[in-house]
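Please look over the sequence and the structure shown here before reading on. The report that follows takes up a pocket, a pair of helices, a cavity and the confidence of the model in turn.

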Amino acid sequence: MKKRLDAVRLFFRETDKLLFFSCIAASLFGLVMVFSATRSDRAEGELFSRDFLIMAIAVVLGVAMCLAISYFNYEVFTRYWLIIGGVCILALLLLFPFGSGPESRPDARTWLRFGDLFSIQPSEFVKIGFIVTFSVHLERLRDKLNRFWSVAQLGLHALVPTALVLLTGDMGSALIFLVMAVIMLFIGGVHWGYFLGGFALLCAAAPLVWTFVFSSIQKNRFLALLYPELYPSIIYQQQNGINAIGSGGVTGQGLFQGAYTQAGLVPENQNDFIFTAIGEELGFAGCLAALALLCLISVRLILIGRKSRERSTNLICAGVASMIISQTVVNVGMCLMLMPVIGITLPFFSAGGSSNLGVYLGIGLALSIYRHNCDQGAVNVRVYDSLKDAT
């Protein structure tokens, strides 16, 4: 028994407690806000809504998976990067014959539904797979990174999942893949000239993407920001959302007291628009607290990567941080009417099983890197010695 207790103590001593408990705090904050945002959706006699229960289950499973992944050496995952990449591509390809979209997006193919039991959004898990595979690919090309064919290989690596996700109708996730790739390429040491060339190609391809890839719904969401009076039904969600945030003032109207939130006047305010519920009920202070938590998590991820002894692990941590940061920027931008609605969740705060599970998979990888690849000082030596003496 003593050996087991010592092993558990050692496990938690080697866990980055600041990162881990910051994530727990963010998830608990998110659960409270989702509970508030879905109170009006509860069936008669039910204490919790379906969205809240799914999120709560996902958080519990996510934390358990996070700790389990952190126990194993991250090399277990990087060693089989080609298999992980193949599974990710297969998961995205399955969306074309079997995928479905939400009621508001019948043209989309973003979810795999398993009857009435549950559904998953593969792109949320593919993000983590992409971070692993892209990091290893960058490391393998390290000595010839700035040769044209090396950059072309990496560009193709990033383009495949981005294009597949975009073709399923998930413009938001496609944007996140693109941002993650650019940040990881930059940190990996790719010459700035390639970024200028990529930006020029993106600008040249924009008219083709607008004409042949974007659906009419996606186009109208862009146009609604410019001409809101012409698209009242499309801009309705964002206008009510920003009104809700504005009505919260500095300290908010009070938890469970938001007029827009409790009346359900902001569609998807438990999911993509959870930030509007925070702003209305907890005010500017609540919004600042939520963003501070996400900032703390992102900075801690970056610091873990910088402390690691390998460049690939630095890239993995940077990839997870870039995913969280980019999703936060896009999500808040949607809620503030600075960007069109493109279906991006706020990490740790939005309802949804896939998004919460996916982000905890990324955190688990970072904790594994911290445990197995970072210099943590002499404290662990003393623990190991005590275990040796006990045996």
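## The second largest pocket

In this predicted model, the second largest pocket holds about 1,300 Å³ of space.

## How α2 and α3 lie together

Helix α2, which covers residues 17–37, and helix α3, which covers residues 50–71, have axes that come within 9 Å and cross at roughly 170 degrees. Angles over 145 degrees count as roughly antiparallel, and α2 and α3 are therefore roughly antiparallel to each other.

On the α2 side of the contact are Phe20, Ile24, Ser27, Gly30, Leu31, Val34 and Phe35, and these meet Asp51, Phe52, Met55, Ala56, Val59, Val63 and Leu67 on the α3 side. Sorted by class, the residues of the contact between α2 and α3 comprise eleven nonpolar, two polar and one charged.

## The cavity

The structure holds one cavity of 30 Å³ or more, and the volume of the largest cavity is about 60 Å³. The elements that give two or more residues to the lining of the largest cavity are α7 (122–140), α15 (311–335) and α16 (353–373).

The residues that line the largest cavity are Glu124, Lys127, Ile128, Met323, Gln327, Thr345, Pro347, Ser355, Gly358 and Val359. In this lining, four residues are nonpolar, four are polar and two are charged.

## Confidence in the model

How confident is the predictor, in terms of the average pLDDT of the chain? The chain averages a pLDDT of 90, and 93% of the residues score at least 70.

Residues 378–391 call for careful reading, as pLDDT stays under 50 over this stretch. For residues 378–391, the model has 14 contacts beyond four places in sequence.

Conventions:
Residues are numbered from 1 along each chain as its sequence is written. This is a predicted model: local features need pLDDT of at least 70, side-chain atom pairs count only at pLDDT 80 or more; totals for chains, interfaces and linings use all residues. Side-chain values use heavy atoms; hydrogens and water are left out. On a 1 Å grid over the protein atoms alone, a cavity is a set of points where a 1.4 Å probe fits but cannot get out, and a pocket is an open set with protein on both sides within 12 Å along at least five of seven lines; lining residues have an atom within 4 Å of a point. Grid points are joined across faces, edges and corners, and a volume is the space filled by probe spheres set on the points. Axes are lines fitted to C-alpha atoms, for helices over the stretch in contact, and angles run from 0 to 180 degrees between N-to-C directions. Helices (H or I, at least four residues) and strands (E, at least two) are DSSP runs, numbered from the N terminus. Angles under 35 degrees count as roughly parallel, over 145 as roughly antiparallel, 65 to 115 as roughly perpendicular and the rest as oblique. Contact means heavy atoms within 4.5 Å. Ala, Val, Leu, Ile, Met, Phe, Trp, Tyr, Cys and Pro count as nonpolar, Asp, Glu, Lys and Arg as charged, and the others, Gly among them, as polar. pLDDT is the predictor's confidence in each residue, from 0 to 100.
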